[in-house]
Structures are given as structure tokens and as C-alpha cells.
Amino acid sequence: MGGTMKTPALRSVLLTLAFASAFANTKELYRGNQVLRVNLETKDDLKWLLELEQQTGGNLDFWSSLSTNSPVDIMVSRDYVAEIKAKLEGRHLPYKVVKLDVQEDVNRIQSRPKRSSEGGQGVNVASYQDFNYSVYHTYDEIQQWIRDAASEYDFVKFFSLGTTYEGRDIGALEITAPPDPSATSPKPIVYFEGGLHAREWIAPATILYFTEKLLWGYSNGDADARQALRMFDFHIVPSVNCDGYVFTWTEERLWRKSRKPNQGYGCVGTDLNRNFNKFWGGAGDGASPWPCSILFRGFSAFDNFETRAIDGYFQNLKAAKRTTKVFIDWHNWDQTILAPWSYKSGGPPRETEDQLAAATAMADAMTATNNVFEGYKAGIAADLLYEMSGSSNDYGFAGTPNAKYSYVVELRDRGQFGFLIPEEQIRPTGEESYDGVIALLKWIIENDYEK
């Protein structure tokens, strides 16, 4: 896909991460690690699991929601597999092994040879037209794509959301096409972000895919793309947790958190999707006060560079009297569209009916595109998954963005691959996500554009 360039030719970009690629491909960090699918019975079981995480020094990695509504997938370090199985059996919690050796799945992605034309692990991406949307790309390649997209299309601008703890730029796109005569002025904003959790590579890859399809479609007269861009301005941040993302390429493929050290604890990182200010620090099982937990909420809301950059961006939009209509934080996995609340603070908001109707339209479209196994479903986050405080969708709705339609979207799959979605699924995931976005926006245009 490609569009109308501002300039006759784009510069060639040499992006070399040969050392990082080799390093990531030769490490055997996950050899012998297993993923156990555990059926929890009570809230006490959830608390017991969090305590067990701390007792084992963080050698439990929660791959799915801590919930009594559905099984919980837990990666267990090889040195603790026998002990954890014994503890589960002692507590009479049923489980099954769903991955015997996590390293095998890691190798399938990181060790597959790539032709130079494919992009990916430290190779040349000659131009915007050469970019391959069917493979995973490094941080540098993603950031170059953002800048090249702004050069490729005359209605797209580059902007920086801010910088990370390690000083990396968080590149973003502002997409502003001429408005439809019926559109409000200025147009409401649709905001997309991905990569809050570093290991969820499918989220940035999907955002790149459907963004290009939207841009190309608008430039080539596609009716859906033209309606969307005439009624809304889009602000898109493909990868927020850039430090963590780089770390997944160079050190630990399954790293989740930010890379800001937790002083005095000898461990690094915050779960950025527990670090927003709405309901931050509330009691519950979905966020942890322990700095070494994979679910660590931070020492205070917005105490990480990345979440603070997000809020600063929305503070500026608010000062400019811009309205954000849609806020979506893209993740994987579970195939769900999650509306507020993520944290139960009383009854549902009065906007819930509209939020769920729009989310259902999105979920139905995503399911239908490729007849997705088990489909996508929509619901209130705390009911459909589990309760957590400081989440992005609660912040998007009730925090500074004040977006009525605020969601976390969990992409593929339902647990077969989890965070290690094969590259062969990038394109179909992008296709169904594009259709889902169009369906969501159509519902809003038809039912709630002026409200």
C-alpha cells in the first residue's frame, strides 16, 4: 500500500541492529519454562497467586487476566515448575500444561531467517513503499515508518508524544483531512496507542497495518476511509513503551514493563497499564504494590515518563479545547473490547449502554472479517476479565482525555500463542482490526456524533 508522496522520492533508510538481532536469537532465557493454565475458584486464590509471585521472587509471569471467570495462564520459570505444580495440587487447583518449553515459541519468531526485502530484524527498509506489514519490526524501523508516513501523505503530520526514561522519542502521527460539511468544527479526535506492554508485538504491527490501509484508502477514494477521515482527526501512537520494546528485541523477548528502575528494590519497570491516575492504587487483584511484580502499579500515578507523556499530550489538547471522542489502547491477547470500568467503584457509568453498543459493532465486524476462532467479544472490563486499578481505558474515559468511547482492545489470540503470535497472523489481525475500527466509527457517526 502507498499514497501520494510530498516529494518525488524518499530517502533510503539503513537500520542496522545486527548485534541486537543476534543477541536476541542466541539467548535461551526461556528454555524449560512452562505455561500452566490454572482454574481459580475464589478471590482468595487470586490473592494467593500474587503472594506466590512475590515468594518466588517474580518467577511467575501472568500471561492472562487474573480472573475466576476464565483460566489463568502462568509462565513458570524452569527452576520453579515442580514446586509450583506441587503447590497448586496442594491447594486443589486444577491445571494443565499448555506450553512445555516457551523457548520453542520464541525461536519460531526470532530465529526465522528474513530476506532483506522483508524488513524485521536489523535489515534495510529502503523506502515507505518497501515496508512489509507482514513481519515484526524493530523500534528504529517503526519510528522511521512514522516519519516516512508523514512525508508520504500531505494530510499527515509527525509529532512526538514525548521521550521515554531512556531518552527514546515516542513518535506519533496526526492525520487531518478536509472535513465533511456535516462534521463538527474542529473535528473530534480518535486516539490510538499501542505497545504499553512491551512484549505484545502484535499491537504496534497491527496499528501500522490498519493505519496504512486507512491512509491509502482515503487517498484512493475508498468510501469508508473517506468518511472516517472527514468526520474525525486521528492521532496515532504505534509504540509507547519504546524502552521496553527495544529490550524485548535485545534482551528478554517476554519483557512487559517499562525500564525505569525501582530504586531500593533491585528491580526494574512498572506495568504502564496500572500507572494511570484514575482509581490508581485502589484495592484489588489486578495491580500490585510490590515493585518487582510484573503487575507493579508504580509508586504513584504517572510516575513513569511514558504515562506522564500521554497525560501531558491530553492536557495540551484540553487547553486547546479539542474533544477526544475515541480512546483505544491496543493490546493482546484475549480477543476482547473492554469498556469502563476496569475498577469497580460503584455502578456502571451512564454511558455504558452506548459504549457497549459501539464495542459490540466493533467486535462483530472483527469476528466476521476472517471468521476468527472463538470470535471477539465486548463487555465491561471488570466483569469480562478482572478488576484492576490505574488502567488506560478508565483514564481515557474519566481522566484527562474524557473520551466517551474509551476501550482496551485485546487482539489475537485465545491462548494458543499468547504474546508470541506468529508473523503469519499480522496481516489478518490488521484486516479485522481495520474493519472493527470502521464499524465502531460508523456506529458513532450514525448514533452519537453530535452528542
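**The sheet and its helices**

Modeller: This is a predicted model. Its open sheet has four strands, in the order β3-β4-β2-β5, and the pairing is antiparallel. At the edges stand β3 (60-62) and β5 (95-99). Each has a single partner strand, so one side of each is left without a neighbour in the sheet. From one strand to the next, the twist averages 35 degrees.

Three bridges join β3 to β4 (residues 72-76), in the antiparallel sense. Take L60 as an example: its bridge partner in β4 is V76.

Helix α2 (residues 43-55) lies across β3 and β4. Its direction is at about 135 degrees to β3. Helix α3 (residues 81-90) lies across β2 (34-38), β3, β4 and β5. Against β2, helix α3 runs at about 10 degrees.

One more feature, further along the chain, is worth a look. A search of the whole structure finds one disulfide. C267 and C292 form it, with their sulfur atoms 2.2 Å apart. C267 lies in strand β12 (residues 267-268), while C292 lies in the loop between β12 and α9 (305-319), so the pair ties together parts that are 25 residues apart in sequence. The torsion about the S-S bond is about -85 degrees, so the disulfide is left-handed. C267 counts as buried, because its relative accessibility is 12% and the cut-off for buried is under 20%. C292, at 24%, counts as partly exposed.

How values were computed: Residues are numbered from 1 along each chain as its sequence is written. This is a predicted model: local features need pLDDT of at least 70, side-chain atom pairs count only at pLDDT 80 or more; totals for chains, interfaces and linings use all residues. Side-chain values use heavy atoms; hydrogens and water are left out. Two strands pair if DSSP finds at least two bridges between them. Helices (H or I, at least four residues) and strands (E, at least two) are DSSP runs, numbered from the N terminus. Axes are lines fitted to C-alpha atoms, for helices over the stretch in contact, and angles run from 0 to 180 degrees between N-to-C directions. Contact means heavy atoms within 4.5 Å. A disulfide is a pair of cysteine sulfur atoms within 2.5 Å. Buried means under 20% relative accessible area, exposed over 50%, partly exposed in between (1.4 Å probe, protein chains only).
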